[in-house]
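Welcome! Please take a moment with the sequence and the 3D view, and then read on for a short tour.

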Amino acid sequence: FCPDQWFTSQHRESKWQNSAMATSSDVGALFRKAESTKREVDSALEEFSSKARQGSDVALQQRLAALFADLTATAEQLKEEVSSMPEKGRSSWDRRLMRLEEDVSVIQGAVDKQLGAFYKVRREEENRKKLFGDKKKTDGPDDEMQGLARENKALRDSASALEEVLSQGSSILGNLVNQNKVLKNARRKLLDAANSIGVS
């Protein structure tokens with residue numbers, strides 16, 4: 001028995017245990033952060049869903065996007081930390097990580113749906129403002145009349161553009177009908193010529 005070897009062995013084991021404890025502590029902190037952020041994202045989703053019908057909320061949309069980005073980054077960091085843990089004691093963290101990743105996947109679908117709907121509403125509002133003008137800028141009866149006049153003009157322009165498209169479509173259809181007649185006449189002449197020379 002060699003005291004020096006025993007001391008070296010004990011020192012190595014103690015160092016490994018300290019390292020494992022430090023890693024476990026880091027993983028635990030990351031997991032708690034991920035769970036906390038996940039609850040914040042859920043709360044923001046509920047708030048966003050309740051306000052979606054009331055109009056756009058840019059600040060809430062940005063907050064939701066930032067929270068979800070933080071959640072995914074924390075989950076990825078947690079995955080790296082868990083993969084670097086020693087085999088002993090890692091299985092429980094693997095299970096927690098798997099559940100977290102499943103939750104993040106579900107939340108991502110909800111976030112994409114909500115933000116997609118948000119951007120759709122914003123595009124519709126922007127398109128309406130381009131077509132009819134921004135009514136919020138009106139200050140009095142004259143401005144309101146001007147706004148109505150702009151809307152009326154925009155509708156007339158749209159109707160005129162639609163009539164032009166329909167006219168072009170009618171013209172194209174007429175050309176196709178004429179081409180069809182020409183092709184039928186050509187086919188009939190070819191058949192007559194074939195019959196005249198005895199080709200069946």
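**A first stop: Lys-38**

Beyond its neighbours within four places in sequence, Lys-38 is in contact with Leu-71, Leu-100, Asp-103 and Ile-107, where contact means heavy atoms within 4.5 Å. This is a predicted model, in which local features need pLDDT of at least 70 and side-chain atom pairs count only at pLDDT 80 or more, while totals for chains, interfaces and linings use all residues. Residues are numbered from 1 along each chain as its sequence is written, and side-chain values use heavy atoms, with hydrogens and water left out.

**The overall picture**

- The protein has four helices and zero strands; helices (H or I, at least four residues) and strands (E, at least two) are DSSP runs, numbered from the N terminus.
- Read along the sequence, the pattern is α-α-α-α.
- Of the 200 residues, 20% count as buried; buried means under 20% relative accessible area, exposed over 50%, and partly exposed in between (1.4 Å probe, protein chains only).
- Among the contacts with a separation of 6 or more, 66% come from residues 24 or more positions apart.
- The accessible surface comes to about 15,000 Å², and 53% of that belongs to carbon and sulfur atoms; these areas come from the Shrake-Rupley method with a 1.4 Å probe, and for residues only the protein chains shown count as cover.

- Lys-38 is found in helix α1, and it counts as buried because its relative accessibility is 11%.
- Lys-38 and Asp-70 are 32 residues apart along the chain, and their C-alpha atoms are separated by 9.4 Å.
- Thr-37 also has its place in helix α1, which covers residues 3–51.
- With a relative accessible area of 4%, Thr-37 is buried.
- Leaving aside neighbours within four places in sequence, Thr-37 is in contact with Leu-67, Asp-70 and Leu-71.

**Salt bridges**

- Side chains of opposite charge can pair when their charged atoms come close.
- How many salt bridges does the structure hold? There are five, a salt bridge being a side-chain nitrogen of Lys or Arg within 4 Å of a carboxyl oxygen of Asp or Glu.
- One of them joins Lys-33 and Asp-70, whose closest N and O atoms are 3.8 Å apart. Lys-33 lies in helix α1 and Asp-70 in helix α2 (residues 58–83), so this pair ties together parts that are 37 residues apart in sequence.
- Lys-33 is partly exposed at 40% relative accessibility, and Asp-70 is partly exposed with a relative accessible area of 30%.
- Glu-35, Lys-38 and Asp-103 are linked in a network of salt bridges.
- Arg-90 forms a salt bridge with Glu-87, with the closest N and O atoms 3.6 Å apart. The side chain of Arg-90 also meets that of Asp-94 in a salt bridge (3.6 Å, N to O).
- Is Arg-90 buried or exposed? Arg-90 is buried, because its relative accessible area is 18%.

- Patches are made of residues with over 30% relative accessible area and no salt bridge; like charges are joined within 9 Å, and nonpolar side chains (Val, Leu, Ile, Met, Phe, Trp, Tyr) within 5 Å.
- Glu-76, Glu-80, Glu-101 and Glu-102 gather in a patch of negative charge. The elements giving two or more residues to this negative patch are α2 and α3 (91–132).
- For charges, Lys and Arg count as positive and Asp and Glu as negative, while His and the chain ends are not counted; the place of a charge is NZ of Lys, CZ of Arg, CG of Asp or CD of Glu.
- Glu-76 lies in helix α2 and is partly exposed, with a relative accessible area of 43%.
- Ile-172, Leu-173, Leu-176 and Val-177 make a nonpolar surface patch of about 370 Å².
- Val-177 belongs to helix α4 (residues 141–196) and counts as partly exposed at 39% relative accessibility.

**One more place to look**

- Gln-108 is found in helix α3 and is partly exposed, with a relative accessible area of 37%.
- The C-alpha atoms of Gln-108 and Phe-68 are separated by 7.8 Å, and the two residues are 40 apart along the chain.
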